[in-house]
Amino acid sequence: MQCQRCKDQTATIHLTEINNGQRQETHLCEMCAEHEGLAIKSQIPLNELLSTLLASQSSPKEQPVAEVAAEDEKSCSSCGMTMREFQKGRLLGCANDYEELADSLEPIIEKNQGGNTTHKGKVPANAPEDSKKQIKILNLRRELEDAVENEDYENAAQIRDRIEHLQ
Amino acid sequence: MKLEKISKQISKWFDGRGPHSEIVISSRIRLARNIAGYEFLPRLKPERQAEILEKLKSAILSVNVGEEVFFIDVAASSELEQDLMVERHLISHRHARGKGPRGAVIAGTEAFTAMINEEDHLRLQVFKNGLQLTECLAEINKIDDEIEKQVEYAFSPKYGYFTACPTNLGTGIRVSVMLHLPALKMTGQIEKFFNATSDTDLAVRGLFGEGTEAIGDFFQLSNQITLGVSETEIVEEFTNDIVPRIIDYETLAREELLSSQKAVLDDKIQRAMGLLKSARLISSQEALFLLSNVRLGVNLGRIKDIDISTVNELFMLTQPAHLQINNNKILDSEQRDIVRAEIIRKRLSQK
Ligand SMILES: [Zn+2]
Ligand SMILES: [Zn+2]
């Protein structure tokens, strides 16, 4: 392959760059590559790659655990866990904490989980029937939001009916 | 004991084979679960912790999780045995040095391990060689379903599986691939890779060595988000999008090194071989660094008389606890450097 710049030497350096999701290839000889200031080092903009790649699933993420207001002294009635203790040890005391300390925990969960606040995925086979129903409703609500966002009003109406039917 | 038997072999998932094994060493999926009605570990009294250990141990042992399955009482194990399990990725450092009744159920092939009373009551793990996340998910799901028939997991429709730390809440899944990225490292692009992932939902960690410092060009890439994204979605994104792109980039970097800096590359590879074949004292850090270059040499066909599984075996067997258990004695750091050099020298000179 001929060098794209001098159109004389054989191209030995092949650059692939991804700009705004577009793949761009450049073929140069070693001298021209050096002339262009392209050390082998900076050929592949991996950071760009990863950010385009992850743009779809990522959302801004700050520090792992949010600051807790000093006056937050609420404690779990079954295990006594407080937000202050959680902040220190980064672990909760029991499953109840998620309900009882919800006001303070919710923002932390949202921040750590890319803005998500409700479960999607596997459900234990032995989960009680009413909780399975709840999950169905939660999932339908999510579908409903998507449908409205995509201006698919026909589908949205159907989903709304199904939610009402379940409730 | 079983540990002495496995300490001389390489784990099945580390045999250097499997899909895309020239770059993806292994795939791992972990599920975090807690038992309903019991406090999480920080609030769990020792008697209740012992109850959980018994309950989960018998539940898991009654399920088919592989061949030659055995249980290890981690709390009663020596530090050396604990370290050996950590070096083999069977248990975490946290589990090794944790508090109170705790244990691990391990399959003889090391393709499955369960940590009981680590950060959560139960952490299931399935390992496979190469890029096989879909297969890992299918397998771990089956095991999880079977265990669930015997114990009730803490679960809510809104939050999913409850976990001690909110960063695991929901699916409780951690999907990881271990990658060997020497060409990206050599061409100075790995830092960008680290920087890029620091503001995304992926975590990159060095595979061997401590903390974030990656030694020997091995990296572990895992998902960070566990809530609001299903297990299948995460696995599919890794399998169809993220990992293939990284494979492409590493492959490209290898090709570029081969076509434009062949002499430099060969020099690195052959020097590494030379040092490993002649050194009389070698630290684990130096060994990792040099073996990584040899591994690249084998994968690129620059070294022809050594099999990739030999290189992997040396990675595994030259770690500190392995050296000591396989020699039946406590060795200080200089003695370890001597033994390590000896093992490597012998293995690489064998024809
Ligand atoms: Zn040119
Ligand atoms: Zn509590």
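Lys and Arg are counted as positive and Asp and Glu as negative, with His and the chain ends left out; each charge is placed at NZ of Lys, CZ of Arg, CG of Asp or CD of Glu. In the predicted model, chain B carries 44 positive and 50 negative charges, and their mean positions lie 4 Å apart. Local features need pLDDT of at least 70 and side-chain atom pairs pLDDT 80 or more, whereas totals for chains, interfaces and linings use all residues. Residues are numbered from 1 along each chain, chains are lettered from A, and side-chain values use heavy atoms without hydrogens or water.

Chain B contains 13 helices and ten strands (DSSP runs of H or I, at least four residues, and of E, at least two, numbered from the N terminus). The radius of gyration of chain B, over C-alpha atoms, is 21 Å, close to the 20 Å from the globule rule for 351 residues, so chain B is as compact as a globular protein of that length. The rule is 2.2 Å times the number of residues to the power 0.38. Along the principal axes, the C-alpha atoms of chain B fill a box of roughly 65 × 45 × 30 Å.

Of the 351 residues in chain B, 61% are buried (under 20% relative accessible area, 1.4 Å probe, protein chains only). Among contacts (heavy atoms within 4.5 Å) with a separation of 6 or more, 69% join residues 24 or more positions apart.

In helix α11 of chain B (residues 308-317), ten of the ten residues are buried, so this helix is largely enclosed by the rest of the structure. The cover of its buried residues includes α3 (79-87), β10 (218-223) and α10 (284-299) of chain B.

Notes. Buried < 20%, exposed > 50% of the residue type's maximum accessible area, 1.4 Å probe, protein only.
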